[in-house]
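Open the model in your viewer and keep the selection panel at hand. The stops below go helix by helix.

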2 protein chains.
Amino acid sequence: MLKTYFRRAQPGLCLLFAALIGATAFAETAPVFPDADASDPAKLGWMIGAPPPADRILRFEDGSYFRFPALRWSVSHFRQLMPTTNVSRGLESPVALPAALRSDIDRLRFTPLDTKTPMSWEQSLAATYTDGILVLHRGKVVYERYFGSLKPQGQHAAMSVTKSVIGTLGATLVAEGLIDVNRPVKDYVPELAKSAFGNASVRQVLDMTTALDYSEDYGDPNAAVWAHAQAGNPLPKPADYQGPRTYYEFLQSVQPEGEHGSAFAYKTVNTDVLGWVIARATGHNVAQVLSERIWSRLGAEQDAYFTVDSIGTPFAGGGLNTGLRDLARFGEMLRNDGRVNGRQVVPASVVEDIRRGADKAAFAKAGYSLLKGWSYRDMWWVTHNDHGAYMARGVHGQRIYIDPKAEMVIVRYASHPVASNSANDPVTLPAFEALGKFLLEHPQK
Amino acid sequence: MLKTYFRRAQPGLCLLFAALIGATAFAETAPVFPDADASDPAKLGWMIGAPPPADRILRFEDGSYFRFPALRWSVSHFRQLMPTTNVSRGLESPVALPAALRSDIDRLRFTPLDTKTPMSWEQSLAATYTDGILVLHRGKVVYERYFGSLKPQGQHAAMSVTKSVIGTLGATLVAEGLIDVNRPVKDYVPELAKSAFGNASVRQVLDMTTALDYSEDYGDPNAAVWAHAQAGNPLPKPADYQGPRTYYEFLQSVQPEGEHGSAFAYKTVNTDVLGWVIARATGHNVAQVLSERIWSRLGAEQDAYFTVDSIGTPFAGGGLNTGLRDLARFGEMLRNDGRVNGRQVVPASVVEDIRRGADKAAFAKAGYSLLKGWSYRDMWWVTHNDHGAYMARGVHGQRIYIDPKAEMVIVRYASHPVASNSANDPVTLPAFEALGKFLLEHPQK
């Protein structure tokens, strides 16, 4: 009943949610999509006009907003579609991002993993439906481009990049002693005692080695992800709705499947649980804590924001939206061992912990064919490549890529028609690696 | 049918809308309300906790959020309740608001118009359920206090203060020649040709001397204001709903009553029409134009935002939310003849036009007993007192008060239990006048 209602009346949220937390089902059935230029939201005129033409109006309630190519507009306008809560930047002056733009990056060539046909960096932007991309090298902006609906003064959905931000926040509270990473989740959230999370340690949640009966298979109408999505839907519930009404209610219903600690299994609910633990350990929700601990200390230009459920709970698993330049500041802070302008924002030990990564064998069990030899630590994807790079990854192409050896940070917002990163990784992974190598070998003169 | 549904299913929006646009009906039936301290939203615990206690959860859909004392929380959290659109501050460093705080203001005494019992400035804050108040004298912050849910890094509903901001924006476009104030509205918005606004001039809209068959009497279940509210409701409409679905659709239904130009009649729809004219004249909605023309040039610390209808139309008549300190920057810009740090943001001729006011006889026909001798120009309330003060006024106590002679700007956000300003004017009017006189006579040493 719940599911039937949901799929009938709220396809939009299904699609949104699928995208936010990492749907893979779309990839298999994807038709040929219009290219980046043909799907440019400004050219297509979504939501332009007073009023916009009827066939160019996008509404949260009917789901049209999250079908490609409309989603190319929506990812830069979540706030206009649903209720949200701010992550304040504070009131101070932003910390400057000095520019030293380079014209040679566009010509950089690399070989995609799938086609094996060499491509230029500039071509990779359209190939990945980039909305905005910024590269910092040694702290200076060497590359910055915007497309589609995104502008420097705008916010874009970070999708599951949210998880790495929340993971960093959680690890910070662990380092400060506010959260004991070895204690079971139920010590912080007694309501979760009877769920799969009750006896999982905070460390297992942080590294997603919990063993959960929770399917994110969007092809399966019985998958738990649908109930999760409906629980978090901020719209009024139908009168006959009997299911969980909030993220917190849903989390209590997740049951175990197997034993915690042995295998990495990427499941969004872990980050929602971490968000709950953070809220209980601090007395404030993740939007407030992120502002207090990190965002207001980054020298950010803009407030960030979270989408919320019907009781104002920020969607810790995928609801963050930020300016591209502020996401770059976040990445650069980590590259600088947690410091901004010499001030420690995140403990250096947290950054070391992320960089060190986790158990590669546990990660391998998840079977990512393009991510061999990687691990997952504190909700970051750790490449273990020879540059020591680590990534935040969100569906439709959202990325933070930190390459310590090359002293480089790449942030990218995108609206690739296929949610799963397996669709853009064949271009993204070699492109980012190539740029790190290029900047290492050819620093600015 | 429309109305019946609305009052049955969406009491929250009724209350909100009534408040946003200037309800007076509540005043007559108001019971005794808990005082400012007893209704403090932090003490009452609205939306605090993960999750909050069931009786402390506020939702847009059920209307609980806008009943006193819950509204004391909600006016600082509209964004968390409904979809919104940003008014970007830009990306630059804020323009400083230098502080020169004075401790003598709290002891200033004045006589309220109703009780005739002298009161101190400090006592006036609680008496008017102040959430935040800031006083600039000669460009320096001499007084700044926060209560309730409002913090310096937060936004509060400006309610009908929005109108004065939009009026300033409209007058700016008139001064720049983008809008001809003598042309009829239908020249800009042909869809309004058959409505009351079709043959009204932009000047009549700006000064609210249009003659409209539009009642804002909340005691009347047939008042047009209910249909206006329902049209602008961003929530999904019921399946059998037949009425207008957007602000723009509603405006086309407003019919004339009498002749334009002879009497001031305060009706929110005028500002919505002005917003539409601005959108057509510029190609962008009022949130975008306000950012481009004014907000990004103020040196604001925070983005502001508008609530929107189901197709993303900013609610020009009452949907603006801002930081208190940024509202002060806006007022100070006007006090400085439209300049910020020596840069002209709004033409000086616009500020002169506002200060000069409009026809007092037309204003007198509206019958405001406490506002005798005033006029209404460019959506500002002009006192014509000996300091030449002019005000922006929003229900529940929102204010910008600019006193040119005293070189003073007061901005106040509040959550008075009674929407109508007639409930707080007996304290507010003499308090603000007294402070202007005091600062003029006792400048900082």
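A crossing is left-handed if the near helix is turned anticlockwise from the far one by less than a right angle, and right-handed if clockwise. This is a predicted model, in which local features need pLDDT of at least 70 and side-chain atom pairs pLDDT 80 or more, while totals for chains, interfaces and linings use all residues. Residues are numbered from 1 along each chain as its sequence is written, chains are lettered from A and ligands numbered from 1 in the order written, and side-chain values use heavy atoms, without hydrogens or water.

α8(A) passes α13(A) in a left-handed crossing. In contact (heavy atoms within 4.5 Å) are A:Val165, A:Ile166, A:Leu169 and A:Leu173 of α8(A) with A:Val286, A:Val289, A:Leu290 and A:Arg293 of α13(A).

Residues in the contact include A:Thr168 and A:Ala171 of α8(A) and A:Val350 and A:Ile354 of α15(A).

Now go to chain B and select α13(B), residues 286-293. Its buried residues (under 20% relative accessible area, 1.4 Å probe, protein chains only) include B:Val286, B:Val289 and B:Leu290. Among the elements covering them are α8 (161-175) and α12 (269-282) of chain B.

Note on methods:
Buried means under 20% relative accessible area, exposed over 50%, partly exposed in between (1.4 Å probe, protein chains only). Helices (H or I, at least four residues) and strands (E, at least two) are DSSP runs, numbered from the N terminus.
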